[in-house]
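Please look over the structure below before reading on. The notes that follow are grouped by topic.

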Amino acid sequence: MRPLTVFTLILTGCGGTSDRPELVWGRQGIVVGDLLRPRAVAIGRDDRLYIVDFTARIQVYDRDGGYLGPTWQTPDYRKGRPSGLGIDREGNLLVGDSHYHCVRTYSPEGRELRVLGGRPGSAPGELGYVSDVVQTPDGTYYVAEFGENQRISVFSVDGVFVRTWGREGTEPGQFSRIRALALGPDGLLYAADACNHRVQVFDLDGTVRRVIGGPGSGRGELSYPFDLGFTPEGHLVVLEQGNHRVQLFSREGRSLGLSGGPGRGPGQYHNPWAMAIDSQGAVHVLDTDNHRIQRIRLRPDSGAGP
């Protein structure tokens, strides 16, 4: 197998964000280890990266881009490919099998363990286009949907439907294409409400706590937030597909720094779809239409505060 294209850039200076990644890797292609428009990523134990691309392949890499294997695909992908990945409380991979209205759980070796959902529709327990899923420490699943259903559905650890909230709209608690979910260190649920250009923050019962962002390209503004996560220090990181950048926020929603912009060079992105944060605090950005991964560090700008 050919080695992946990898080159390293060392960050210098201190404080603030940087447009210079510490690592860029990946090569466009369809052979094992290559990438074709990577679209979702999750980081499991030992900082193993699980990446699904537009061929519907799920591939496993180390944090430096070395292909580890295995490679597998969901049972059927003729209608479309998965668009959300997560890690459950046991270290297994959660796959939002978007066009098949379900969440699949796989062992780290690629063995399917269970399926949540699978019945299309809008009734309680039915699912539409599944964009992402997270599991809380008590085992509860929170599933984001868009398309016919603009909502978040909740299931017990045994897959029993519990409740749902949300509908299409622009008011707090309403959605226009939830692209990703993340559990915050404060125990709240953060939702990337992409076409409303904001992040909504909820109690686990669905009560709105706050809204972060709004449409635009300035600091604190968002354009099509497609993914989000938290640094070990508790800062919120939001990937913006529309602005081709990554933005760092306090949990309260104050912008602390920006990194990126449109382009093909290192530190620039072309329609990035997803990101994940490893145990060392590095952000792995799926630079989708550049067919590569960029690893960056984000720190608050000087004077930005906590």
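Which residue in strand 13 does tyrosine 141 stand opposite? Tyrosine 141 stands opposite phenylalanine 155. This is a predicted model, in which local features need pLDDT of at least 70 and side-chain atom pairs count only at pLDDT 80 or more, while totals for chains, interfaces and linings use all residues. Residues are numbered from 1 along each chain as its sequence is written, and side-chain values use heavy atoms, with hydrogens and water left out.

**Confidence**

- The chain has a mean pLDDT of 93, and 92% of its residues reach 70 or more; pLDDT is the predictor's confidence in each residue, from 0 to 100.
- Over residues 6-18 the pLDDT is below 50, and this stretch has 33 contacts in the model beyond near neighbours in sequence. Contact means heavy atoms within 4.5 Å.

- Strands (E, at least two residues) and helices (H or I, at least four) are DSSP runs, numbered from the N terminus.
- Six of the six residues of strand 12 (residues 141-146) are buried, so this strand is largely enclosed by the rest of the structure. Buried means under 20% relative accessible area, exposed means over 50%, and partly exposed is in between, with a 1.4 Å probe and protein chains only.
- Tyr141, Val143 and Glu145 point one way from strand 12, whereas Tyr142, Ala144 and Phe146 point the other way.
- Strand 11 (residues 129-135) runs antiparallel to strand 12 and is joined to it by six bridges. Two strands pair if DSSP finds at least two bridges between them.
- Within this pairing, aspartate 132 stands opposite alanine 144.
- The hairpin of strand 11 and strand 12 has five residues between the strands, and glycine 139 there takes a positive phi near 100°.
- Strand 13 (residues 151-155) is also antiparallel to strand 12, with five bridges joining the two.
- Four residues lie between strand 12 and strand 13 in their hairpin, where glycine 147 in the turn has a positive phi of about 90°.

**The largest pocket**

- Rolling a probe the size of a water molecule over the atoms shows where empty space is left.
- A pocket is found on a 1 Å grid over the protein atoms alone, as an open set of points where a 1.4 Å probe fits, with protein on both sides within 12 Å along at least five of seven lines.
- The largest pocket holds about 950 Å³ of space. A volume is the space filled by probe spheres set on the points, and grid points are joined across faces, edges and corners.
- Its lining has 38 residues, of which Ala182, Leu183, Leu228, Gly229 and Ile277 lie nearest the centre; lining residues have an atom within 4 Å of a point.
- Strand 11 supplies at least two residues of this lining, as do strand 3 (40-43), strand 7 (84-87), strand 15 (178-183), strand 19 (225-230) and strand 23 (274-277).
- The lining divides into 23 nonpolar, nine polar and six charged residues. Ala, Val, Leu, Ile, Met, Phe, Trp, Tyr, Cys and Pro count as nonpolar, Asp, Glu, Lys and Arg as charged, and the others, Gly among them, as polar.

**Backbone geometry**

- Most residues other than glycine have a negative phi, and most peptide bonds are trans.
- Arginine 37, in the loop between strand 2 and strand 3, has a positive phi near 50°. Arginine 37 is partly exposed, with a relative accessible area of 26%.
- Histidine 197 has a positive phi near 55° and is placed in the loop between strand 16 (189-193) and strand 17 (198-202). At 14% relative accessibility, histidine 197 counts as buried.
- The peptide bond from glycine 69 to proline 70 is cis, with omega near 0°. Proline 70 is found in strand 6 (residues 67-73).

- Threonine 231 lies in the loop between strand 19 and strand 20 (236-240) and counts as buried at 8% relative accessibility. Leaving aside neighbours within four places in sequence, threonine 231 is in contact with Val237, Leu248 and Ile277.
- Glycine 263, in the loop between strand 22 (255-260) and strand 23, counts as partly exposed at 23% relative accessibility. Not counting residues up to four places away in sequence, glycine 263 touches Gln268, Tyr269, His270 and Asn290.
- Valine 24 lies in strand 2 (residues 23-25) and is buried, with a relative accessible area of 2%. Valine 24 and isoleucine 296 are 272 residues apart in sequence and 9.0 Å apart in space, C-alpha to C-alpha.
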